[in-house]
Structure formats: C-alpha cells, structure tokens
Amino acid sequence: VLGGLAALTTPALARAEARAVLDGAGRSVRPPPQVRSVFPAGPPAAILLYTLAPELLIGWPRANRAEERAFLSPDIGARPEVGRLTGRGNSANLEVVLALQPDLILDVGSVRETFVSLADRVQAQTGIPYALLDGRLDTTDHAYLTLGRLIGQEEAGRAKAAETVRLLGTVLD
C-alpha cells in the first residue's frame, strides 16, 4: 500500500517541482498548480496580463475612465481599482493584497536590484508568489512566454510571443 501511495505521489511532486519558473530577474517563482487570479503590481503588468489572460486580472492599478473602458472588454475593463505596489504613487498596501487573495503577484518593468528586493520582500511578507518580468520592448516575447508558464497557459504564451516577434519585426524594419 505504501509503495502504491509513493508511486502516486511521485508524479505529483515532479509536476510541482516542474512548476518552478524563472522570472525576468532570474528568480525562481513557484506559482500554485492553478492560477485563478493575479494582482498586477503596476500598469504594465495589468496590460500584459490583459492581453494574454484577461480573466485572471483581479483589478486595475487605477480605475479605468469611461473613454478607456471603450477599448476594453466591458466586464474586465470595469473591474475595480486595486492600487499599485510599484512606481510613483504606490497606493496598494499589503493588507489590500492579502484581502484580495491573488494566486500570483505580477510586476513588469525594470529587473534592477531595487525591484528584485521589493519582489522578494512582498513575497516573504505575504506568502504570495511574486514574478518580476523584464518590461523592455525587445523582451516582450520572453515576457509572454514566462507569463504563460506562470499561469499554466503555455500555449497561449507561445502564441502571443510569436505574434509579438512578428509585429515587432514589422515595426523595427
């Protein structure tokens, strides 16, 4: 019986181990097996997530104005303001983040030590995995690949990365 249980749990452990994803700063992030909601640390994170998996966006760093919502899916564009953890005007605090119970915190932008330190500190204080993705234009394809891995939507991440490479190739030519 114990041997059978060990055989059943070994694949689960291997899958959990395989879920570790290196973020844009080279940090190992372990998202839960199923990501149902993501807290965007700032506007770039909200936009990247909206373009890949809008259903996971828990809310916006600031509420969208009516003229902005005209360009967004109505149900997603109307989601509430949750504040921001990074950049000017940090308006979210860790109590707000904890109350929303996201499965993942996503930040897109600089991967300098200042932001790595913030990500590490917030993750340690909340227990919520915090991924930091490089926000440079020339790394957008990699950001989509990594986000797809983090949220368990690798195929969608690969498709968006390929689309990004195609579009950026056109823009940069």
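P43, A46, I47, W60, P61, R62, N64, E68 and L72 line the second largest pocket. This model is predicted.

**Second largest pocket**

- The second largest pocket has a volume of about 150 Å³.
- Helix α2 supplies three residues, the largest share of the lining of this second largest pocket.
- Sorted by class, the lining of the second largest pocket holds six nonpolar residues, one polar residue and two charged residues.

**Largest pocket**

- The volume of the largest pocket is about 200 Å³.
- A total of 14 residues line the largest pocket, and those closest to its centre are L48, V108, G135, T140 and Y144.
- Two elements, α2 (43-52) and α7, each give two or more residues to the lining of the largest pocket.
- Helix α2 gives four residues to the largest pocket, the largest share of its lining.
- By class, the lining of the largest pocket has seven nonpolar, five polar and two charged residues.

**Residue T146**

- T146 sits in helix α7, which covers residues 140-151.
- Is T146 buried or exposed? T146 counts as buried because its relative accessibility is 0%, and the cut-off for buried is under 20%.
- Leaving aside residues up to four places away in sequence, T146 touches V21, L22, D23 and L133.

**To take away**

- Helix α2 gives the largest share of the lining in the largest pocket and also in the second largest pocket.
- Helix α7 holds T146 and gives two or more residues to the lining of the largest pocket.

Technical notes
Residues numbered from 1 in each chain as written. Predicted model: local features only at pLDDT ≥ 70, side-chain atom pairs only at ≥ 80, totals over all residues. Heavy atoms only, no water. Buried < 20%, exposed > 50% of the residue type's maximum accessible area, 1.4 Å probe, protein only. Contact = heavy atoms within 4.5 Å. 1 Å grid on protein atoms, 1.4 Å probe; cavity = no way out; pocket = protein on both sides within 12 Å on 5 of 7 lines; lining within 4 Å. Points joined across faces, edges and corners; volume = space filled by probe spheres on them. Nonpolar A, V, L, I, M, F, W, Y, C, P; charged D, E, K, R; others polar.
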